[in-house]
Amino acid sequence: MKYTSTLIAVRDINKSKRFYHDVLGLEVISDFGANVTLTYGIALQTLDTWKDFINKKVEEVIFQNNAVELYFEEDDIEAFVLKLSAFKDLEYVHPLLEHPWGQRVVRFYDPDNHIIEVGENIVMVVRRFIGGGLSVQETAKRMDVPVDYVKSCLA
């Protein structure tokens, strides 16, 4: 068995294709109308066909359930957050914040209220701490990870 894709139901396939391209830089790999495959193994499925596949009524498909997210990483999180500011109708789950281990993340909703998280690439977190004057050991302690992990990020 092999995992191949994450599929999300969307109300407006064209709006979703634009969002994923313009905001996250994803490209269309295949477009079959009601089903679109994007880079990184994300598939969009129209709500009308999705409800038929799972034998449910449209009102039984629950959007904005806040129980799952699509997770991406970005090397330059500050530049990405600046890019997001151009999308005036973007609804945030929360603005840029820093988790206890030092990774900075932003979460927002796509047009169908699926949560998107964009986190700072963890290697960049390590480099930021080292560049800020922390030793390898101090960085490992700050991030609550093994020293060998920090070293592997620097290799």
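Is R107 buried or exposed in this structure? R107 is buried, with a relative accessible area of 17%, where buried means under 20% relative accessible area, exposed means over 50%, and partly exposed lies in between (1.4 Å probe, protein chains only).

## About the model

The model is predicted, and for that reason local features need pLDDT of at least 70 and side-chain atom pairs count only at pLDDT 80 or more, while totals for chains, interfaces and linings use all residues. Residues are numbered from 1 along each chain as its sequence is written, and side-chain values use heavy atoms, with hydrogens and water left out.

## R107 and its partners

Side chains of opposite charge can pair when their charged atoms come close. In a salt bridge, a side-chain nitrogen of Lys or Arg lies within 4 Å of a carboxyl oxygen of Asp or Glu, and the side chains of R107 and E69 form such a pair, at 2.9 Å from N to O. Because E69 belongs to strand β5 (residues 69–74) and R107 to strand β7 (residues 104–109), this pair ties together parts that are 38 residues apart in sequence; helices (H or I, at least four residues) and strands (E, at least two) are DSSP runs, numbered from the N terminus. E69 is partly exposed, at 30% relative accessibility.

The side chain of R107 is also joined to that of E117 by a polar contact of 2.8 Å. A polar contact is a pair of N or O atoms within 3.5 Å; within protein, one must be able to donate a hydrogen and the other to accept it, and residues adjacent in sequence count only if both atoms are side-chain atoms. E117 is found in strand β8 (residues 115–120) and is buried, with a relative accessible area of 4%. Leaving aside residues up to four places away in sequence, E117 touches several residues, including E69, Y71, H99 and R107, where contact means heavy atoms within 4.5 Å.

## Other salt bridges

The count of salt bridges comes to 10. One of them joins the side chains of D31 and K17, at 2.6 Å from N to O, and this pair links distant parts of the chain, with D31 in strand β2 (residues 28–31) and K17 in helix α1 (residues 13–24), 14 residues apart. D31 is partly exposed, with a relative accessible area of 38%.

The side chains of E120 and R128 also meet in a salt bridge, at 2.8 Å from N to O. E120 counts as buried at 2% relative accessibility, whereas R128 counts as partly exposed at 26%. Both residues belong to a network of salt bridges that links E78, E98, R104, E120, R128 and R142.
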